[in-house]
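Subject: Structure handover

Hello,

Here is the structure I promised to pass on. Please open it first, then read my notes below.

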Amino acid sequence: MSNALKYILLFVASSSIILNLLLCIKLFSSDVGNNQNKDQSWSRSAAQEAELAASMDCSGHGRAYLDGIIIDGKPVCECNLCYSGPDCSNFSPDCPADANDGDPYYLEEFWKKHAASSAVMVSGWHRMSYSYSFSDQYCQISEELEKHIRKVHEVVGNAITDGKYIICGAGATQLLNAAVHALSSNNPSIFPTRVVATAPYYKVYQTQTEYFESNRYRFEGEASACMNGSDTTTNIIEFVTSPSNPEGQFKRPVLSGPNVKTIYDRAYYWPNFTPIPGPADEDLSIFTISKLTGHAGSRFGWALVKDKEVYERMTEYLNENTVGISKDTQLRMLKILKVVLEDGSKEMFGFAHRIMKNRWERLRDVLAHSDRFSLQQTPAQYCTFTHGVREPTPAYAWLKCEKEEDENCSDVLRSANIIGRKGDLFNADNHYVRLSLIRTEDDFDNLINRLHKMVNTKPRVLDKEKDHARPSASVAIERQSIRFGDVYHAYRSEVISQ
Ligand SMILES: Cc1ncc(COP(=O)(O)O)c(C=O)c1O
């Protein structure tokens, strides 16, 4: 055989091998692709439904939800307060500015911007068991979620989690009572444990402790009443909210001693609201996703607990009460925390801080020339998260009516069509009102516009007979809010109708 013929045969043979190889690769990869498409078949229609709801045009004053009302096959817009119509474009100019509750809608835009990374797809057979583990029926928190909670604290530097147990609950609300249960005395001869706080305090400490009425513990109001007492045998539980609700100040316990236990409520200890001077390292601290990422609707909170026995008693409470926390919620929380942790957590906290800073600047501007109203002072501090000195940007303004005769500041605001939460709902003087700054941008704009009008015009004097003939919207709101905490707002239709 000539050399030329040999080369031709070699060329034909090797070309055929290469061609066959390419064909196999193509066939294999398209098979994988087909399988992927097949695997995605169950999620495709769910994704389409979710995309349809997210794409509804609600004019920037509302949003449509997957589980909202459907008309003509499309989810209906749910409008912000004071807006109505199929696309939420009708504004009601006489609608009151609602600054009452702490519904944290202010981060909604962030989550819309991160729609893809924060979305969760849940199969019909996702985590059907009560437990995470076949072998341990009390395993109630997902290992991955627990890891991510520890990571967020480490990155933010707001709490030490090493050597601490983590227990999760249906919001901080459930954990508050679980903690009271766990820290109250087991010994009937020294019942009841006294539960106290320092005003102004978050009223749920009182309403919840009283509501769950137990012979083990009793709410006794002011912590200072227990100071210098000769009784060192009765157990005392002190609630300390730091930063506090309503003032946004760092608080310390006023009581100490072998018979005193402290529950630190750290709901607002995030860069959204405050500089982070250093990590909390307490026996029992409670956190919530509600104020961290704004997902109050998911009802998820967690406690960091040092002592094993306290952890076990809290776990016992949760098992008796709800047999743990929804696995669906935990899956969503994991996804949300992953987004929080992206980019060294700079993006979400940067966004939250910018919004809060802007709102505080606008509020201070509008009240700058008023001698009738003042705001709480919150000093700037070094923040270990941002590596710089910064001012706090609390979730609430604690507004004071400075005039002696304005002894019901909430009524003064009500006359200007502003609904705040009055001082005595924090066990404080009614010269004070709490204004929520974490609601929607529409609520905040409405608040600023009405405050602006009020400080620039003489406010209408309340006609006591007329305005008190039936419970005002603000009274209705306050009643409901006391009972259910900051998140309850089913009364809104009543507010709008007035
Ligand atoms: C100080 C404080 N603790 C706890 C809670 C309850 O949080 P969650 O929504 O997690 O139940 C709130 C809610 O407003 C709060 O202000």
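**Confidence and overall make-up**

The mean pLDDT of the protein chain is 87, and 82% of the residues score at least 70. pLDDT is the predictor's confidence in each residue, from 0 to 100. Over residues 27-33 the pLDDT is below 50, and this stretch has zero contacts in the model beyond near neighbours in sequence. Residues 464-498 also have a pLDDT below 50, but here the model has 47 contacts beyond near neighbours in sequence. A contact means that the C-beta atoms of two residues, placed from the backbone, lie within 7 Å.

This is a predicted model: local features need pLDDT of at least 70, side-chain atom pairs count only at pLDDT 80 or more, and totals for chains, interfaces and linings use all residues. Residues are numbered from 1 along each chain as its sequence is written.

The protein chain has 16 helices and 21 strands. Both are DSSP runs numbered from the N terminus: helices are H or I with at least four residues, strands are E with at least two. Of the 498 residues, 38% count as buried. Buried means 20 or more other C-beta atoms within 10 Å of the residue's own, exposed means 12 or fewer, and partly exposed is in between; the C-beta atoms are placed from the backbone. Take the contacts in the chain with a separation of 6 or more: residues 24 or more positions apart account for 69% of them.

**The cores**

Start with the largest nonpolar core, which has 93 residues. Such a core is a set of buried Ala, Val, Leu, Ile, Met, Phe, Trp, Tyr and Cys residues joined through C-beta atoms within 7 Å. Ala 179, Ile 286, Ala 303 and Met 314 touch the most other members. Helix α6 (residues 171-183) gives the most to this core, with eight residues. Domain 3 (97-108 + 345-496) and domain 4 (143-343) both contribute residues, so the core lies between them. The domain bounds come from an automatic or database domain assignment.

Ala 303 is worth a click. Beyond its neighbours within four places in sequence, Ala 303 contacts Ile 167, Leu 175, Ala 179, Leu 284, Ser 285, Ile 286 and Met 314. Another core lies apart from the one above; it has seven residues, among them Ala 64, Cys 79, Leu 81 and Tyr 83.

**A sheet and its enclosed strand**

Four strands form an open sheet in the order β15-β18-β21-β20, with antiparallel pairing. Strands β15 (373-374) and β20 are at the edges with a single partner strand each, so one side of each has no neighbour in the sheet. Strands pair if DSSP finds at least two bridges between them.

Look at β21 (residues 432-436). Five of its five residues are buried, so this strand is largely enclosed by the rest of the structure. In a regular strand the side chains alternate between the two faces of the sheet. In β21, Tyr 432, Arg 434 and Ser 436 point one way, while Val 433 and Leu 435 point the other way. Strand β18 (residues 396-401) pairs with β21 over five bridges, and Lys 400 stands opposite Tyr 432. Strand β20 (residues 421-422) pairs with β21 over two bridges, and Lys 422 stands opposite Val 433.

**Helix α7**

Which residues of α7 (residues 204-211) are buried? They include Val 204, Tyr 205 and Thr 209. These cover an arc of only 120° around the axis, which puts them on the same side of α7. The arc is that of the directions from the helix axis to the C-beta atoms. Glu 210 and Tyr 211 are exposed on the other side. The cover over the buried residues includes α6, β9 (193-197), β10 (217-222) and β11 (236-241).

**Backbone details**

Two cis peptide bonds to check:
- Ser 242 to Pro 243, with omega about -5°.
- Asn 245 to Pro 246, with omega near 25°.

Pro 243 is in the loop between β11 and β12 (260-265), and Pro 246 is in the loop between β11 and β12 as well.

Ser 59 has a positive phi of about 55° although it is not a glycine. Ser 59 is in the loop between α2 (41-55) and β1 (62-64). Arg 299 also has a positive phi of about 55° and is not a glycine. Its loop runs between α8 (289-292) and β14 (301-305).

Best wishes
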